[in-house]
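Here is a briefing on one chain, grouped by topic. Look at the structure first, then read on.

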Amino acid sequence: MDSDAILTFPFRKASWIKRVAETHGIFNMAEDTLRRSCENGENSYLFDLAGNNVKWKTISLTHVEYPEGDFVGKVLAWCSLLPIFILVGFITLIIFRRELHTMTFLLGILVNEVVNLIIKHTLAYPRLCGDHVFPNSSYAMPSDHSQFMAFFAVYSILFIYIRLVHFTQSTTVWDDLIENLWRHLLAVGVVLAAVAVGFSRIYLRYHTLHQVCYGFLLGSAIGVAWFMFTQTVFTPLFPTITTWPLCEYLMVRDSTLIPSVMWFEYTQSRTEMKKRQRRGSHNSYCKSHSS
């Protein structure tokens with residue numbers, strides 16, 4: 001047989017097998033797997049209550065879009081997620097601190113969100129046409145992010161300057177300013193955070209200026225009202241609540257009458273540590289001299 005025929009025979013055979021496979025519907029499994037975008041799992045679903053022709057929706061709680069290549073938009077998109085970070089911080093504080101005032105603070109935030117939800121569905125004001133890939137399906141008036149941050153900022157400022165009683169011994173205005181500098185910085189910080197979140201909702205085309213302003217006004221009003229309600233109704237009940245068996249079991253506590261909780265815990269832990277050190281040194285001394 002001619003050498004050229006021997007070399008070309010395998011290729012001719014391969015092309016013949018391919019034509020036969022295409023004619024009879026027999027496909028190469030590797031090529032077929034690469035060609036398919038997904039695998040039909042109709043008979044493999046463990047639960048299938050959705051049926052056919054399903055329209056899937058994304059949870060928009062953390063889905064914030066910003067213009068591609070816009071650094072400012074990216075930073076503001078992260079700022080827009082501050083309410084979620086704050087909620088995670090509250091849950092963490094409640095789990096590890098079990099402080100009643102923190103719980104009532106979080107309860108106020110939830111009440112504020114419920115009010116926002118009711119007003120939104122009552123007004124039913126449509127969203128902006130911001131050309132987002134995943135448009136928000138809820139209503140627009142008032143801005144829930146702005147209302148959340150306004151409530152948090154106003155309540156925090158009232159908590160800092162009214163609830164955290166500080167007995168100062170400064171004699172001049174300048175000394176008092178230096179001694180309370182952390183209060184002023186914290187108050188300015190929460191206000192700037194609220195403004196940043198509100199501005200991000202406008203910049204990213206989720207809300208108009210009016211929607212953000214109404215959110216700020218409503219959140220501020222609810223923040224003042226909830227702080228007054230907490231001070232006059234909840235706070236007098238805290239000592240009784242901490243005596244409930246369930247609260248004692250969960251070690252829920254009230255630090256209302258303690259001026260500086262951090263300083264109190266610091267001094268108490270140091271005092272207890274010194275006591276245990278003295279006991280440990282005394283026990284080791286007795287053991288070494290009794291043997």
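The end C-alpha atoms of residues 211–229 lie 27 Å apart, and this span is 100% helix and 0% strand. Helices (H or I, at least four residues) and strands (E, at least two) are DSSP runs, numbered from the N terminus. The model is predicted: local features need pLDDT of at least 70, side-chain atom pairs count only at pLDDT 80 or more, and totals for chains, interfaces and linings use all residues. Residues are numbered from 1 along each chain as its sequence is written, and side-chain values use heavy atoms, with hydrogens and water left out.

**Annotated spans**

- An unreviewed UniProt entry places the feature "transmembrane region" at residues 75–96, 148–165, 185–204 and 211–229.
- UniProt positions are given in the numbering used here, feature names are shortened, and annotations may be inferred rather than shown by experiment.
- For residues 75–96, the end C-alpha atoms are 30 Å apart. That span is 91% helix and 0% strand.

**Overall make-up**

- The chain has eleven helices and zero strands.
- Buried residues make up 26% of the 291 residues in the chain. Buried means under 20% relative accessible area, exposed over 50%, and partly exposed in between (1.4 Å probe, protein chains only).
- Take the contacts (heavy atoms within 4.5 Å) between residues at least 6 apart in sequence: 69% of them join residues at least 24 apart.

**Helix α3**

- Helix α3 covers residues 71–79, and its buried residues are Gly-73, Leu-76 and Ala-77.
- Seen down the axis of α3, these buried residues fall within an arc of 105°, so they line one face of the helix. The arc is that of the directions from the helix axis to the C-beta atoms.
- The buried residues of α3 pack against α8 (181–203).
- Phe-71 and Trp-78 are exposed, on the face of α3 turned away from its buried side.

**Nonpolar core**

- The largest nonpolar core has 24 residues, of which Phe-90, Phe-105 and Phe-151 touch the most other members. The elements that give two or more residues to this core are α4 (82–97), α5 (100–123), α6 (144–163), α8 and α9 (209–241).
- A nonpolar core is a set of buried Ala, Val, Leu, Ile, Met, Phe, Trp, Tyr and Cys residues joined through side-chain atoms within 4.5 Å.
- Not counting residues up to four places away in sequence, Phe-151 touches Phe-105, Gly-108, Ile-109, Asn-112, Gly-219, Ser-220, Ile-222, Gly-223 and Trp-226.

**Polar and charged pairs**

- Side chains of opposite charge can pair when their charged atoms come close.
- A search of the whole structure finds one salt bridge. The term means a side-chain nitrogen of Lys or Arg within 4 Å of a carboxyl oxygen of Asp or Glu.
- Asp-144 forms a salt bridge with Lys-120, and their closest N and O atoms are 3.6 Å apart. The pair links distant parts of the chain, with Asp-144 in helix α6 and Lys-120 in helix α5, 24 residues apart.
- Both Asp-144 and Lys-120 are buried.
- Asn-116 also sits in helix α5. Asn-116 is buried, at 3% relative accessible area.
- The side chain of Asn-116 makes a polar contact with the side chain of Gln-147, at 2.8 Å. A polar contact is a pair of N or O atoms within 3.5 Å; within protein, one must be able to donate a hydrogen and the other to accept it, and residues adjacent in sequence count only if both atoms are side-chain atoms.
- Beyond its neighbours within four places in sequence, Asn-116 is in contact with Pro-142, Ser-143, Asp-144 and Gln-147.

**Loops and backbone**

- Arg-98 lies in the loop between α4 and α5. Arg-98 has a positive phi of about 55° although it is not a glycine.
- Arg-98 is partly exposed, with a relative accessible area of 24%.
- Met-251 lies in the loop between α10 (245–249) and α11 (261–290). Met-251 is not a glycine, yet has a positive phi of about 60°.
- Met-251 is exposed, at 56% relative accessibility.
- Met-251 and Glu-99 are 152 residues apart in sequence but 9.1 Å apart in space, C-alpha to C-alpha.
- Ile-95 lies in helix α4 and is exposed, with a relative accessible area of 52%. Ile-95 and Val-252 are 157 residues apart in sequence and 9.9 Å apart in space, C-alpha to C-alpha.
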